[in-house]
Amino acid sequence: MARKQRKKEEWENNMVETKSVADRIVDVIVYLCVALVALCSVLPMWHVLMSSFSDGKSLLAHVGLVLWPVGGFTLDGYSLIFQRADIVGGYINTIIYTVAFTVIGFLLSAVTGYALSRDTKLKKPVTMALMVTMLFGGGMVPTYMIIRALGWVGTPWALVIPGCTNSMYCIMMMNAFNAIPREMYEASHIDGAGHLSTLFEITLPQAMNMGSVIILNLAVGQWNSWLPASIYVPNNKALWPLQLVINSITKENADFLNSSNPNYARYLIQFAVIIAAIAPIIIAFPFFQDKMEKGVIQGGVKG
Amino acid sequence: MAKKNAYDLAASSRRSWKTELRRDWVVYLLFVPIIVYEIVLHYLPMFGIVMAFEDYNVVDGYFHSPWVGLKHFVDLFSGEDFPQAIGNTVIIGVMRATIGFVAPIIFALILSLINSKKFKRTAQTMSYMPNFVAAVIVCSLFKQFLDKDGPLTLFLTNVFGAENQNWFANNHPPAFWIIYLLMGIWQSIGWGSIMYVAAISQVSGDLHEAAALDGATRLQRLFKITLPSIMPMILMMFVINVGTALAAGYDNILLLYKPHTYNVADTVYTYTYRQAFGEGNTNYSLSAASGLFQSLVSTILLVGSNALSRKAAGSSLF
Amino acid sequence: MSIRTKWIALMVAVVVMLVGMQIYYSNIGQVRAQNATPETTFKWWIYSGTSSEYYGNYAENPAVQYTLRRGWGPEEKGIALDFLQPPPGSENDNYTTMIVSGDLPDLIDAVICEPPRIMVEKGYGIEITDYVLANMPNYVALVHSNPVYFNNAVSVDADGNEHYYGLTNLQDDYNAVFQGYMYRRDWIVKYGTNPTTGAAFTGGYTDPADADSWVDDVVFPSGGTDPKYISDWEWMFEIFTRAQADLGIKDKYCMSLYYPGFTWSGGLLSCFGGGVNVWYQDAENKVHFGGNEEPFKTYLQCMHAWYEKGWLDHEFNQRTSDSFFQIDSTSVRQGMIGMWNGQQSELGGRLDMHDGGYTEGIFVAGAAYPINDMYGPESCRNVPPNCVMGGELTGGGVIITPTAKDKDLAALCSYLDYFYSEEGALIRTLGLSAEQVADFSENTFYASNGLSDGAYFINSEGKYEKSNVLVTDSGQLNTAVGFNKAPGLLLVKNVDLGYADTYQKSLDQWLLYPNTGFFQGTRTTNEMTQADSKTCDDIRAKVLEYMTKNCANFIIGQSNFDKDWDKWCTVLKKYKVESIAEIYQYYVDHYPFQ
C-alpha cells in the first residue's frame, strides 16, 4: 500500500515538474481551443446583454457588434417588460413546472431504467416499445385529443406529464444501472434488500452521474419550453410559463414602429426578454454545477 | 446455485410468467408507470397515422374519411422539388451526424486535458450559455449576425477578405450547409459535452496512473484510455443520432430560408411543410404521409447503425 | 439521516408538491360570467386580443363589459362571453388544433378561416339565416343598403333565397391604409430643379417643432405637384443619386423592392398595363394569367433597367433579417434611401433623429403608383394600375359553430346586431363616449388611462374625433379601449382619426387608384366550391413558388429576356394556368366582387 502511495506521489510530481516542450505546446493549443469555444459562446450573449442596456433609437441605427451600450446606458427595455403583471406569474409558473416536470421525469426514467436493467420477461418488449416511440408518433392533433380526453387541457398537468421522460432517458438510465458491478446487486440481495431498497438506496446513488445529466436536460428543457403551453393552456394566461409570456411580449412588439408615435425603447424589449429568460438559469447554474460535479465524482469514486 | 440463477441474464425466459411474477413482482410493478405512460401518451395517439392513407377531413374524422391508399405518398415522391429536398436532407443530416456529432466529444476530450479546475469550470459554464437560448432567438441572432452589415459578416470580410454579403442569402453550396451546421454546433457543443465530461470523469484514475508510469504522454493516454472508456456511450449516442438525423432539427430552416435559397436549404421537412400548410390548402394527410415516410427511413437507419455498431464494436443499443 | 429516510422524505415531498399544485392551480381560473346562464355563455375564439400591457383577458375590455351590462334578445337575457385568445405567434397552430380536433368554441373570429359558406359546408359553422332575419334588423338593413355589402355578406341560392352563413364586418367608407411608397421630398427641394424653368426649388418646415408643417414649390416633369408617371420616378431617382453623391452616401440605392421582385397583390407591377403576375380580371372582366404576359415582362424589364442603373436595392432579394416588409429598414431609418415602401409612422419629419446625420431635415411624402410611360410596347403604357391593395368595404366577421346550436342564439344575434347600429358601431370603432364612461364609473380603465372624457368627442365639423391621448399613444391603447373584435360596422366617413396632414395627403396618393382587377380573397373566390377552390389554390401555390424562386433572376440579370423568358413561359404553361383562368372566369362572371 505504501509503495503504491509513493509511486502515486512520484507520478503527480512528475506531472508538475517535468513538462516536456511537446506537453507545453499541447497545453497552449488546448487552452486556446477551449477559450475560443467559450468566447464564441458568450460573445453573442454579450451583444444581446449590451443591446438591452442601450438606447432604443441609437441601437436601431447601429451597425455591428454591440460591445458597450449604444447611446448611453438605459434600463428602458426592462422597465417596459417588468411593468407587466403577467411576467411575475410567468416566473412562478415556470419554476413550479420545472420542479414538477424534473422530479416526475427523473423518477420515471430512473424507475424504468432500473426495471429495464433487471432480468425480466418484459426487458426486451419494453425496450422495443420505447424504440418505436422514438421513431413514430401520431402527431400533434391526435396527442391533443388524448390529452383532452384525460381532462388535462387547460391544466398544468398537460405541461408537466407529457414529455417528462423519453426513450433515450430510460435507456440511458438502463445503461447506467447496467454499468454498476454485478457484485453490488448480489451483495444487496444477500443482505435481504428488496428491489426498492436496492434501487433507491444502493444503485441509484451510483447511477447519479447519468442521473444528473438527465435532471439537467429535463430542467433546462422545461425552462425553455413554450410550445406545449401554447397548445394546452393558450386561453388561461394565469397558467402561462415565462417563455410563453416572453414570446407573446416579443410578438406583440414586433410592429411597434407602426404606431404613429413609436416609442423606440420598445426596440429594446426583444433583447431584454432574452436576458430576463436566461438570467435566472445562468445565476442558478454554477450552484447546481457544483452539486452535480460532487455527485459525479462521488459516483466515480464508489464505482 | 441460487446466486447464479438470480443473475443469469437469460434466466427469465426459461421461467414461466407465473414464477416470474411471484419471484420479481416488484420489478414488474416498476414497469407499470412507463407502460401506462407510453400507451396513453404515445401509442394511443398513433391512430393519427391512418391520416396518411386517407383524404382526411374533419367532419368524417379519423375513421371515416375516404381511404386513398398510397396517393399521398405518390404525391410526395412525384413532387418536382422532392429530389432536391431529399438531397439537401441527406447532406445536412450526414454533416450533423458526423461533424456535428463529433464536436461535443472533441470538446469534452480537450476539456479533460485541462488541469486548471477554475479555467475548466468557467469555460464549461460559458459554453453552456447558447443552450439556454430558445431556438427561435438563436435563428434571429444568426440572421442578424450574418446579414450584410452584421458583425460576423463584417468580421469575415475584414479579416478573411470574404465577399461582403448576406450569408443566409447565399445559394451556392456549401455556404448554407456550413452555416446551419455551425449554428447547431454553437448551440450544442457545450451542453452536448456534459454527458461525455461526466463519463470521462468516471474513468478510473488508476488506469491513467499506470499508463503514465509506463511513460505514456497525455495525448497517448487520451487516445488509449479516455477515448476507449467512453466508447460505449459514444456508440450509443451515435446510433440514436443516426436514427433521428433525418427526422429532427429541420424546423429551424423554416425561419432561415428564402425561396431563392431553396436549392440548398429545402429539406423533406420544409418541403412537406410548404405542401401541407401552404396558402389556403392545409393538407394534414400529406404531412402525416411525410411524417410516416421519415419515420420509416429513420427506423432503417437506426437498425442499420445499430447493426454496424454491434459488428464494429461489439456493443449495441438493443 | 439514513438514505432510506431521505428517500421516504423525498417521496412525501413529491406527493405534497403534486397535491399542492392541483390545489394551487384549480384556484387560478378565468374570468367567469355572473349574470348569464350556461345557455347564454358563449366561447369566442379571437385571432388576437390586446397587448397584455392593459389586461390579460379580453373579457376585461371596458367596452365589452359596458355592452354586457344590459340584457339582450327578446327576453332581455344576460350574456357572458368567454374569450379564447391564442398566445401571439401561435395563432395558426391554435386554430389548426381547434379545427382538426373538433374542439370548437361557439364563435370563431373569421380572420384565417375559409369563407363562411365553406365553413358551414365543412361542418365548422352553421347557417344563421333565421336568427339574422328575426333578431338583426340593423344588419339586414345595412346589408341591403349597398350591393357590395350584400354580395359579400349574403349567399343567394338558385331559387333566389337569401342565406346568411356568418356575420361580415362592414365599413361605411374605404378604410385607411397604413403603408405605401414614400420618398424624401426634402432631397428634391434641395437637389432638384424645376423641370421647365430650371429654377431651384424652395421649401421647408414652417414650424421646426411640427413634423408635418412642410411647404414647398416642387413641380414634377409631368406637371403636377406629386409624382404620377414612371418618368417622374426616374427624374426623382436621378435627383436622389445626386443627393447621395453630395452627402457621401456610398453603396446605397434609390428604391427598395420586395424580396421576390414582386408583390403578391400587384401594386407596382400592375402599373404596366396588366394586373398581377397570377390571375386578375381586366377592364372587360376577362380573367388573365399575368405571369407570362407582356405587361409583366415589361415590369421586369423596367426593374432590370433600374437595377442596372443602381437605382434598385442590389440586395433586394437577399433581405432576410428585416421584419418590416423585408426592406432595408436600417438604411431607411438612417436617412440614406430616397424611396421605399414604408409605414405611416415614417412620414413627414418623423425619421429625423436630430443628430446631424443623414436624417437631418428629412421630409417624407407618400407617392401614388406610377403609371408606365416609358417601357415596353404601346399597350403597356399609360394604363392606370388596377391591382392595388386598397380599402375594402367588407371583410372579417364571425362564424357561429355547431357548438352553439342549442344555445340562445336569439340573444346572441340581437347582441351582435347592436354593433351594426350607430351607437354600437362607435363603441366598436372608437370606444366609449364621455357620457358612457361617466355612466360606467365602476370600471376604472378609462380613468386610469387618462380617458375620463371618453375615447372620442364630436369636433367643430360634427365629426367624431379621437381623443388626443389615443392619437399620441405610442403603444396599443387604441385597440384596448374599444370592442373591435365584435363583428359590426366600422365607421370611417364621420370619424376624424386625428391623423396628421402629411398622412392624409399620402393617403390620397396611396388610394388614388381603386382595385378593379385583383379578386383573390374577395367574394369572387369566397364563392368558389371546395373542389374548385382547392384546384386553384394548389396550382396558385405552385406557380407562386416557381415565380418566387426565379423572378428575381430577371431583375438582377441572371436570366435574360431573349432566351430565358420563353423557358419561363413554358414552365408556367405546364401548370395549366389557362384552365385555372377558366375556373376563375366562371366566378368572376357570376360573383363579381365590385
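Predicted model: local features only at pLDDT ≥ 70, side-chain atom pairs only at ≥ 80, totals over all residues.
Student: What distance does helix α10 of chain C reach from its first C-alpha to its last?

Tutor: Helix α10 covers residues 294–308 of chain C, which is 15 residues, and at 1.5 Å a residue the expected value is 21 Å. Following α10(C) comes C:Gly310, with a positive phi near 80°. The reach of the helix in the model is close to that expectation, at 21 Å.

Student: Which element gives the largest share of the side of domain 1 of chain C that touches domain 2 of chain C?

Tutor: The C-alpha centres of these two domains lie 34 Å apart, and their contact takes 10 residues from domain 1 of chain C and 9 residues from domain 2 of chain C. On the domain 1 side, the elements that give two or more residues are α4 (116–121), α7 (147–153) and α18 (501–510) of chain C. The largest share, 4 residues, comes from α18(C).

Student: How many nonpolar residues has the side of chain A that touches chain B?

Tutor: The contact joins 75 residues of chain A with 75 residues of chain B, and helix α2 (residues 21–52) of chain A supplies the largest share of the chain A side, 14 residues. By class, that side has 20 polar and 8 charged residues, while its nonpolar residues number 47.

Key: Residues numbered from 1 in each chain as written. Chains lettered and ligands numbered in written order. Contact = placed C-beta atoms within 7 Å. Nonpolar A, V, L, I, M, F, W, Y, C, P; charged D, E, K, R; others polar. Domains from an automatic or database assignment. Expected span 1.5 Å × (residues − 1).
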